[in-house]
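Hi everyone, thanks for coming.

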Protein chains: 2
Amino acid sequence: MMKKIKIIGSGTYLPDNIIESENLEKKFNIPKGWSEKYSGVKQRHYITSETGAYMGARALESALKYAGIDYNELDLIISASGSFDHPIPHNSCLIQNEMGKFDDTIPSFDIDSTCLGFITSFDTISYMLDGDRYKKIAIVCSEVVSKNLDPNDWETQTLFGDGAVAFIFGLPKNNETSCVIAADTKTYPLGSKFAIVNSGGSTFPSALNQSSEYYAFKMDGKKLIKLAIEHLKAFGTAFFDKLPIKIQELDLIIPHQASRVALNFFKKTFDLRDDKVFINLESRGNMLSASIPLALHEAITNKKIKRGDKILLIGTGAGFSIGALLLEY
Amino acid sequence: MMKKIKIIGSGTYLPDNIIESENLEKKFNIPKGWSEKYSGVKQRHYITSETGAYMGARALESALKYAGIDYNELDLIISASGSFDHPIPHNSCLIQNEMGKFDDTIPSFDIDSTCLGFITSFDTISYMLDGDRYKKIAIVCSEVVSKNLDPNDWETQTLFGDGAVAFIFGLPKNNETSCVIAADTKTYPLGSKFAIVNSGGSTFPSALNQSSEYYAFKMDGKKLIKLAIEHLKAFGTAFFDKLPIKIQELDLIIPHQASRVALNFFKKTFDLRDDKVFINLESRGNMLSASIPLALHEAITNKKIKRGDKILLIGTGAGFSIGALLLEY
């Protein structure tokens, strides 16, 4: 299924407001160091007055600058976030509104597969970039998680962070080899409600429920890790069975920064050396769909990745889904 | 951009609960016939205990039966709705959960462009169907609008309806000509907040706001129609300028069932005969993303469309966006 596609720029927006785990531990009266040890997170960014659309627009501006292209050269903008500013409309048009370029009529829509949004969107647009209708496409992941956390649930309070990332994609030139080598996702719907925000949709409209039982992100971590244990190994084996390369031979692996427990389990499952797995969980927290692209952006800007490298993006998402995308950068 | 793609089945789920405009008019103390005259809606379906995922799964089952294929033959399920059951997870995995087929791991994700979800998804998968990884793809539009209406706003109360539609797509056989001839969408972000549900996302989490000012769907009808008047004609002209066919020569046009005013304006803009434009607004109401596919399904099952016919799907959506897809059925 090899699909020609090249990352031509990326950018981020992280709120100035940094929340230290040490302060959360004091607040919740839990032992110093608990968060770093169990969640794997020492600090994370939280919004103050920013919206998801605002952060997404700033990240997109930064990515456009990096790519050296103008906004109106984009043929499509996809917002691939798990959180959103309003139930209606979709976030992509709100990001466009925040860009303030009202004479441009670039088509846009949202793709939502919660934490796998970047992989799903990258995979999808690899079929769409045809050099004709679609020459340049932007994917924006902008997550405001902090507003939907239960104020009394330190497991989620210490885990998640806010922020935005944008990537610009185009076709490689004739002599360039950038591509998606393979991609796959599997959804295990038995786990569809193991990670949930109950209210705010049509099942529990926001009018009816003020309790954190409803509005807050609820995660059955044990059931999620059980599903991952059951299926991750088989998923990875099936993915690489069709390919002439082993996971251990890749240049870098960028997993979803789900939690320290999940990352340790992931490395163990595939017998991966620490230096092969990019981790920024400690300073960023789990940022839903923004985790994988932020890690990819940081790996690129820190020169951990060079053109021609083979990189695996892999993660789990609410659904319960496992998704992976193998790219040549 | 011609893309080979064939509709191989469709199905619907409409709740048993029918709400007559006459009764709404009594309730709101507005003149008898007001709803039919202005909204264009005489009756619509409202859910009782159904969820969006439940209706979506029943519509999908019906579409699979019509297509004569098994669930596990699907390679991808896209939920393309504007409303959703929960902010997290995305609705596609909840639909899969409602299908109850827990041994199948079909990938799924949501596409959201509010009322244009079906056009966006149809357009997107026309690039993905490769006869290899993607042989059969389902798009499900399931909308619960009734729960997010302001109980005192008769303009929206009389306009919207609930229900679900599913379509199954595959590749045409060698001797078949089914395809997407052309598709385009433009987003005019000046109108990004002219149709909005404020609370339930991260800007106004559901915890904070119980007033209908926040949770209810708000529509600035005047501003929306102004944007449509400004841009619809130019959008349509640009769309057909590239094609060897005029809009008046098509076999059938299926517009989004936005409202009577919008439909009349649409017909006038493109100088269309009544029998060329399929309308089911009177009995269904505006069903967001489900309006266009439900009308398409009804046109197919009522034999208003035969293989080889050229059909235009066209609509406006929150965003503000205009989208169109010209298909050979």
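This is a predicted model: local features need pLDDT of at least 70, side-chain atom pairs count only at pLDDT 80 or more; totals for chains, interfaces and linings use all residues.

Chain A falls into two domains: domain 1 covers 3–170, and domain 2 covers 179–328. Their centres, taken over C-alpha atoms, are 15 Å apart. Where they touch, domain 1 of chain A gives 48 residues and domain 2 of chain A gives 42 residues. Which element gives the largest share on the side of domain 1 of chain A? That is H5(A), with seven residues. By class, this side of domain 1 has 19 nonpolar, 19 polar and 10 charged residues.

Now for the sheet. In chain A, five strands form an open sheet in the order S1-S9-S14-S13-S12, and the pairing is mixed. Strands S1 (3–4) and S12 (252–255) of chain A are at the edges with a single partner strand each, so one side of each has no neighbour in the sheet.

As a reminder, strands of a sheet pair through backbone hydrogen bonds, and they can be parallel or antiparallel. Look at S13 (residues 310–317) and S14 (residues 321–328) of chain A: they run antiparallel, joined by eight bridges. To find your place there, look for Thr316(A), which stands opposite Ile322(A) in S14(A).

Helices come next. Helix H8 (residues 221–241) of chain A packs on the sheet and touches S9, S13 and S14 of chain A. The direction of H8 makes about 30° with that of S14(A). Helix H11 (residues 291–301) of chain A lies across S12 and S13 of chain A, at about 150° to S12(A).

How values were computed:
Residues are numbered from 1 along each chain as its sequence is written. Chains are lettered from A and ligands numbered from 1 in the order in which they are written. Two strands pair if DSSP finds at least two bridges between them. Helices (H or I, at least four residues) and strands (E, at least two) are DSSP runs, numbered from the N terminus. Two residues are in contact if their C-beta atoms, placed from the backbone, lie within 7 Å. Axes are lines fitted to C-alpha atoms, for helices over the stretch in contact, and angles run from 0 to 180 degrees between N-to-C directions. Domain bounds come from an automatic or database domain assignment. Ala, Val, Leu, Ile, Met, Phe, Trp, Tyr, Cys and Pro count as nonpolar, Asp, Glu, Lys and Arg as charged, and the others, Gly among them, as polar.
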